[in-house]
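Try each task yourself before reading its solution.

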Amino acid sequence: DRGLNLNQLASTKPGAIQALRERIERDMSHQQGLLAQLRTRLIKAEAERMKMQSLIDQQEQTDRQLQQMVEQKRLDEMGVSRFNARHSH
């Protein structure tokens, strides 16, 4: 067959398995470090997203309050105009 099994590899190159194991451990350690960095970035991005959503929510609430104030002012002005129109004669 084309591949070597572990016994054949061990018998042909005595330190090859240990070297391979060390390489795999280094690669795994490196990948785990990258994964930890990505998790940290994800946590920071999620916190930023939550802050932005909070600001959006606050702005929407402010817009609603402003719209209510504008509407109330319009209604008040209409009421005053009607009152003045009835009592000016």
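## Exercise 1: One turn apart

E77 and K73 lie four residues apart in helix 2, so about one helical turn separates them. Keep in mind that this model is predicted.

**Task.** Find out what kind of contact E77 forms with K73, and decide whether K73 is buried or exposed.

**Solution.** 
- Step 1: Look at the closest N and O atoms of E77 and K73, which are 3.9 Å apart.
- Step 2: Compare this with the cut-off, since a salt bridge needs a side-chain nitrogen of Lys or Arg within 4 Å of a carboxyl oxygen of Asp or Glu. E77 and K73 therefore form a salt bridge.
- Step 3: Turn to accessibility, where exposed means over 50% relative accessible area. K73 has 53%, so K73 is exposed.
- Step 4: E77 has 44% relative accessibility and therefore counts as partly exposed.

## Exercise 2: Two further pairs in helix 2

**Task.** How far apart are the N and O atoms in the salt bridge of E46 and R49, and in that of K51 and E48?

**Solution.** 
- Step 1: For the side chains of E46 and R49, the N to O distance is 2.8 Å.
- Step 2: E46 and R49 are three residues apart in helix 2, which means about one helical turn lies between them.
- Step 3: For K51 and E48, the closest N and O atoms are 3.3 Å apart. These residues, K51 and E48, are also three residues apart in helix 2, about one helical turn.
- Step 4: E46 is partly exposed at 35%, R49 is partly exposed at 45%, and E48 is partly exposed at 39%.

## Exercise 3: The whole chain

**Task.** How many helices and strands does the chain have, and what percentage of its residues count as buried?

**Solution.** 
- Step 1: The chain has two helices and zero strands.
- Step 2: Of its 89 residues, 1% count as buried.
- Step 3: The accessible surface comes to about 8600 Å², with 57% belonging to carbon and sulfur atoms.

Definitions and conventions. Residues are numbered from 1 along each chain as its sequence is written. This is a predicted model: local features need pLDDT of at least 70, side-chain atom pairs count only at pLDDT 80 or more; totals for chains, interfaces and linings use all residues. Side-chain values use heavy atoms; hydrogens and water are left out. Buried means under 20% relative accessible area, exposed over 50%, partly exposed in between (1.4 Å probe, protein chains only). Accessible areas come from the Shrake-Rupley method with a 1.4 Å probe; for residues, only the protein chains shown count as cover.
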